[in-house]
Amino acid sequence: MMELQNLCSIVLLPIQMLYSILKAGMSLLLSCKGRDLSGDVVLITGGGRGIGRHLAHEFAKQGAKKVILWGRTEKCLKETSEELTLLGTESHYFVCDVGNREEVYRQAKVLREKVGDVTILVNNAAVVHGKSLMDSDDDALLKTQHINTLGQFWTTKAFLPRMLELRNGHVVCINSILSVSAIPGAIDYCTSKASSLAFMESLTLGLLDCPGVGCTTVLPFHTNTEMFQGMRVRFPQLFPPLKPEVVAQRTVDGVRTNKAFVYLPWTMHILIILKNLLPLAALEEIQRFAGSYTCMNTFKGRT
């Protein structure tokens, strides 16, 4: 009996795969209404500046009920929150270092008591030190891992259980294309983002059978923010940096359509395919051509 069931599963697998491919293709061709954000409480970590600030504006623009900001710099958080209030969206901010587990759990409790249940969690907070391994300070390396990777563990553990209870929620990760195609001079950042991607892949698969709760991972190319100020690619006309407002818009669109992975720009799909097909020597030539080996030499972004 068991062998018959296994045989049926093997026969059905290609049919199910074909159905899934066709379904995904149709969803791309046919426009769908998407998630209504009017009842959502959105929490954005690192929400005071950079991509986080633009995400806050985009969620407000697309009708989110409340937008909550977490970050380490109160001045930036307050400014962004006031901007959202002027736009007519209820906004609150809390100073919170996501790399500090106890602080995350404490502020999550305060948030729930003062504002309510978070239904969309955007893990955006990140740092980069822009140095090689041997030039990196040990504490700086640890800081990157605590904020970029472990911070997602603590925030997700803090808010996901209630989402599952409500059968309503979405976990978002602002990752980076460097998680799948690393460069020299940013070993702390590339490593942390690769770990973050594995976290989101595992979480996304684990939530497939959880109705009403989904995940979106965004993997953008170099984005024009102060975080990576000074980073230079060899041919900016061929590989222009992304505008943070575009990343924000595509992220919110991904949440509304429940898209699991968003690569920005779309040409990053080609990079992934080439990396899996080409030999290492050929990939090295592409990296040299693009200036990947030297792009962090002029880095002077913030940490």
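In strand E7, Tyr-263 is the bridge partner of Leu-219. The model is predicted. Strand E6, residues 213-220, pairs with E7 in the parallel sense, over four bridges.

This pairing belongs to an open sheet of seven strands. The strand order is E3-E2-E1-E4-E5-E6-E7, and the pairing is parallel. Strand E3 (90-95) and strand E7 (261-264) form the edges, each pairing on one side only. On average, neighbouring strands are turned by 15° against each other, direction ignored.

Helices pack on this sheet. Helix H5, residues 138-166, touches strand E1 (41-45), strand E2 (66-71), strand E4 (120-123), strand E5 (169-174) and E6. The direction of H5 makes about 170° with that of E4. H6 lies across E5, E6 and E7. H6 runs at about 155° to E6.

Ser-196 is found in helix H6, which spans residues 187-206. Its relative accessible area is 0%, so Ser-196 is buried. Leaving aside residues up to four places away in sequence, Ser-196 touches Asn-148, Thr-149, Gln-152, Cys-173 and Asn-175.

Leu-278 is found in the loop between helix H8 (268-277) and helix H9 (280-290). The relative accessibility of Leu-278 is 31%.

Key:
Residues numbered from 1 in each chain as written. Predicted model: local features only at pLDDT ≥ 70, side-chain atom pairs only at ≥ 80, totals over all residues. Heavy atoms only, no water. Helix = DSSP H or I, 4+ residues; strand = E, 2+ residues; numbered from the N terminus. Buried < 20%, exposed > 50% of the residue type's maximum accessible area, 1.4 Å probe, protein only. Contact = heavy atoms within 4.5 Å. Pairing = 2+ DSSP bridges. Axes fitted to C-alpha atoms, helices over the stretch in contact; angles between N-to-C directions.
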